[in-house]
Structures are given as structure tokens and as C-alpha cells.
Amino acid sequence: MYFNNIVETIGNTPLVKLNKVTDGIKGTVLAKVEYFNPGNSVKDRMAVKMIDDAEKAGLLKPGGTIIEGTSGNTGMGLALTAIARGYKCIFTMSDKQSKEKQDILKAVGAEVIVCPTNVPADDPRSYYSIARKLNAEIPNSFYPNQYDNPSNAEAHYETTGPEIWAQTEGNITHFAAGVGTGGTICGTGKFLKEQNPAIVSIGLDTYGSVFKKYKETGIFDENEIYSYKTEGIGEDILPKNVDFDLIDLFIKVTDKDAALMTRRLAKEEGLFVGWSCGSAVFGALEYAREHLQEDDTMVIVLPDHGTRYLGKIYNDEWMREQGWL
Ligand SMILES: Cc1ncc(COP(=O)(O)O)c(C=O)c1O
């Protein structure tokens with residue numbers, strides 16, 4: 001048996017029990033380990049779906065160029081799909097993303113344009129604006145726009161949700177995931193809540209992001225926005241893929257707590273995962289400690305792999321510079 005190309009290997013990632021970091025917690029806590037995808041992240045799932053749907057809609061034609069603003073992982077999924085299907089890729093990225101993420105995208109043939117982080121989303125220099133501008137200028141180009149493209153959440157509705165439901169044999173009671181575009185938590189959460197409306201969905205957010213306050217008050221508070229270091233979660237915009245009705249509550253996690261938990265996952269669980277995985281686990285366990293009962297099963301999505309953060313949270317010197325070790 002073989003796959004026709006690497007894209008066909010996306011999905012069907014394992015669910016792995018957490019054994020040490022869950023000390024003192026009642027119930028079972030399982031991690032959906034998304035680095036088993038070929039691009040080493042959860043984003044492979046939605047990248048291929050956004051391209052499939054664009055091809056079907058006639059938005060992406062042979063020889064076309066895919067242009068996207070990405071923190072790196074979506075870019076990887078798009079680049080792998082572009083190789084299999086014969087497209088070019090140009091990605092805009094904010095300068096806070098790790099150098100590894102830029103180099104990885106270049107390694108798989110993409111052009112990478114680095115843009116400043118410390119400008120508002122609607123500033124012409126932001127990575128959102130530059131992606132839009134290139135899309136307008138380059139003929140036969142397609143801008144997937146992962147923030148607002150419904151194919152993003154649908155990919156998780158069609159794959160991540162059903163996988164988790166089957167893997168837990170319907171026993172899942174709590175679902176936790178970091179929220180960036182919202183695709184993972186809302187697509188997966190929609191499927192799971194359709195199977196069992198009692199499933200609690202927990203969104204992990206960062207300090208410096210607008211989500212938690214918006215959920216709790218309905219106010220988009222610009223004072224909540226400031227630059228933070230965790231990559232992939234939290235936003236200074238409200239993406240259309242975030243359906244606040246599908247997220248029961250948000251928990252904010254600091255950069256430092258996330259970084260330290262990520263390092264524990266590597267050392268104590270053998271899960272060499274990315275920074276936002278520490279955010280997800282730290283926040284989810286904070287909730288679990290208070291609310292999880294013996295018979296409960298919590299599933300936490302771990303979005304990506306540790307290699308992308310070797311120069312940061314896995315680097316002792318960098319950690320000391322932050323004052324975190
Ligand atoms: C490392 C990482 N974690 C978490 C997320 C959040 O996932 P989603 O965009 O589906 O909300 C992303 C998305 O950019 C990511 O790159």
C-alpha cells in the first residue's frame with residue numbers, strides 16, 4: 001500500500017494520554033498530536049481543504065500562485081499541497097515568527113516576505129495588508145485568507161472532529177484548543193457538539209489578544225491588544241472562523257507559563273511540541289484541576305512540533321534572556 005503523494009498522508013493523527021503533567025487531576029486527559037501530519041502541524045488539514053475548495057470553485061487555476069499571510073504552519077500545509085498540484089507560493093509573515101519557520105517555508109519552495117509585527121492589522125505594512133495587495137497585483141493568484149475562509153473550519157468539521165469522536169469512542173466530555181483563526185476549535189467543536197451537546201469547549205487565548213474579553217462582554221477592546229510572544233494563538237482581529245457560540249469559555253495563558261509547560265511536555269511526556277501546545281495544556285489543565293470528574297475525558301489539541309522553536313523556548317540562553325529560567 002502506498003500514498004500517491006505526501007498530501008494524502010494528512011490526518012488520522014494519534015491521541016496520546018498525558019501521564020505526568022496531569023498529576024492530581026481527576027479524569028483522563030488526552031492529547032491530539034498534530035505534528036504527525038506531514039507538514040508537522042494541524043494546519044495541513046485546512047490548507048489542503050482550502051485548495052480543494054478553491055479548485056472546485058474555479059478560484060485557483062493550473063499554474064496559479066497561492067498568496068497567504070501565515071504564522072508559518074498554514075504556509076507549510078499550502079506549500080506541500082502546492083508541490084503536489086503544481087502551484088507557486090508567496091507567504092507574508094510577521095517578524096515575530098521564529099526564523100526556523102521562514103527557513104522551513106523556503107526549503108519547500110515558497111517565497112517568504114517578512115513584515116513588521118508592531119503595526120495594526122489594517123496598516124499597509126501589516127502581513128495581512130501585504131498579502132491582499134499582492135493578491136490584487138499578481139494575475140492568476142489566489143488568497144486563501146485562512147481567517148475568514150469557511151473551508152478552514154470545515155476541514156476540522158470533516159476530519160479532526162470525527163477522528164476524536166471515534167478515537168474516544170464517544171466518551172469525550174471536554175475539548176480544548178488554542179484559538180488563532182478559530183478553525184480548529186470551531187470546526188472540531190461543531191462536530192463534537194452535534195454528537196453530544198454537553199461537551200464543553202475551551203478556547204485558549206493569550207494576554208494581548210481580544211478573544212476572551214469579546215466572548216465575555218461583546219466588546220472589541222483595543223486596549224486588550226499588545227504585542228506578545230506566543231506564536232499561533234490570540235488575535236488582534238475577529239476572524240470569521242471564530243464562532244463564539246461554539247466556544248464555551250476562554251482562558252488566557254501567559255507567554256512564560258506556556259513556554260515552561262511546553263518544555264515539561266517534551267521532558268516529562270516525550271512530546272516535543274510547539275509553544276502554543278504549552279498554552280493549550282497549561283490553560284486546559286487549569287480548568288481540569290477545578291472541574292474534571294473521574295469519568296471525564298478531556299482532549300487537548302497539540303498543534304505543532306518543537307523543531308520550529310529550537311531557537312526560542314527550547315534554547316536555555318533565550319529563556320534566560322526572557323527571565324523565564
Ligand atoms: C502553532 C499554532 N497553534 C495554534 C494555532 C491556532 O489554530 P487555529 O488557527 O485553527 O485557531 C495556530 C494557527 O495559526 C498555530 O500556528
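Two strands pair if DSSP finds at least two bridges between them. Helices (H or I, at least four residues) and strands (E, at least two) are DSSP runs, numbered from the N terminus.

I noted that this is a predicted model, in which local features need pLDDT of at least 70 and side-chain atom pairs count only at pLDDT 80 or more, while totals for chains, interfaces and linings use all residues. Residues are numbered from 1 along each chain as its sequence is written, and side-chain values use heavy atoms, with hydrogens and water left out.

I checked which residue stands opposite Met298 in β10, and found His174. Strand β2 (residues 28–33) also runs parallel to β10, with 6 bridges joining them. There, Ala31 has Ile300 as its bridge partner.

I then looked at how covered β10 (residues 297–302) is: 6 of its 6 residues are buried (under 20% relative accessible area; exposed is over 50%, partly exposed in between; 1.4 Å probe, protein chains only). Thr297, Val299 and Val301 are buried on one side, and Met298, Ile300 and Leu302 on the other.

Last, I looked up backbone angles. Most residues other than glycine have a negative phi. Asn40 has a positive phi, near 65°, and is found in the loop between β2 and α1 (43–56). Asn40 counts as partly exposed because its relative accessibility is 26%.

Asn140 also has a positive phi, near 55°. Asn140 lies in the loop between α4 (127–137) and β6 (141–142). At 35% relative accessibility, I list Asn140 as partly exposed.
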